[in-house]
Amino acid sequence: MLNEIYSRRILELAADIPHLGQLPAPDASATARSKLCGSTVTVYLKLDGNVVTAFAHDVKACALGQASSSIMGRNIIGATIEELREVRDAASRLLKSDGEAPQGKWEDLKVLEPLRDYKARHASILLTFDAVVDALKQIEARRTESAG
């Protein structure tokens with residue numbers, strides 16, 4: 001069981017998380033917390049239009065949450081709002097609905113496939129995706145407020 005959950009690739013990703021820390025003056029930040037294990041991920045975003053130009057995150061999570069945060073950190077800069085929503089939905093489907101892993105730059109999410117049967121771990125794996133989407137919602141809400 002432990003070999004399935006903590007594969008070599010998951011441990012490699014967890015050991016090498018890019019963009020750790022905080023951003024000065026982010027456009028938004030958001031924290032996601034797993035009630036089950038207590039893991040937390042706080043993300044900080046800057047956008048230019050609909051494209052992420054800067055990102056940082058504070059990751060206090062298990063190896064699985066660290067691995068998914070590592071995947072996020074490797075791919076988020078240059079990603080669009082729409083792409084990030086799609087990736088969050090794809091990660092959720094991958095775990096909960098036997099969905100396919102994305103292709104292209106997000107294909108590292110394939111490493112999560114063996115975790116489908118470990119439902120108790122899904123929340124910590126999805127923390128980074130949920131926090132990013134929450135931060136994007138904050139930015140969009142402020143933009144709508146300013147426009148109105």
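This is a predicted model: local features need pLDDT of at least 70, side-chain atom pairs count only at pLDDT 80 or more; totals for chains, interfaces and linings use all residues.
The partner of β1 is strand β2 (residues 40–48), which pairs with β1 in the antiparallel sense over 6 bridges. Within this pairing, S29 stands opposite Y44 in β2. The two strands form a hairpin with 6 residues between them, and G38 in the turn has a positive phi of about 85 degrees.

Helix α2 (residues 8–15) has the buried residues I10, L13 and A14. Seen down the axis of α2, these buried residues fall within an arc of 100 degrees, so they line one face of the helix. The face turned away from that buried side carries the exposed residues R8 and A15. R8 also belongs to a network of salt bridges that links it with R9, E12 and D108.

The structure holds 12 salt bridges. One of them joins the side chains of R85 and E140 at 2.6 Å, N to O. This pair links distant parts of the chain, with R85 in helix α4 (residues 81–96) and E140 in helix α5 (residues 119–147), 55 residues apart. R85 is partly exposed, at 24% relative accessible area, and E140 is likewise partly exposed, at 26%.

The side chains of D130 and R88 meet in another salt bridge, at 3.7 Å, N to O. Because D130 lies in helix α5 and R88 in helix α4, the pair ties together parts that are 42 residues apart in sequence.

Methods. Residues are numbered from 1 along each chain as its sequence is written. Side-chain values use heavy atoms; hydrogens and water are left out. Buried means under 20% relative accessible area, exposed over 50%, partly exposed in between (1.4 Å probe, protein chains only). Helices (H or I, at least four residues) and strands (E, at least two) are DSSP runs, numbered from the N terminus. The arc is that of the directions from the helix axis to the C-beta atoms. Two strands pair if DSSP finds at least two bridges between them. A salt bridge is a side-chain nitrogen of Lys or Arg within 4 Å of a carboxyl oxygen of Asp or Glu.
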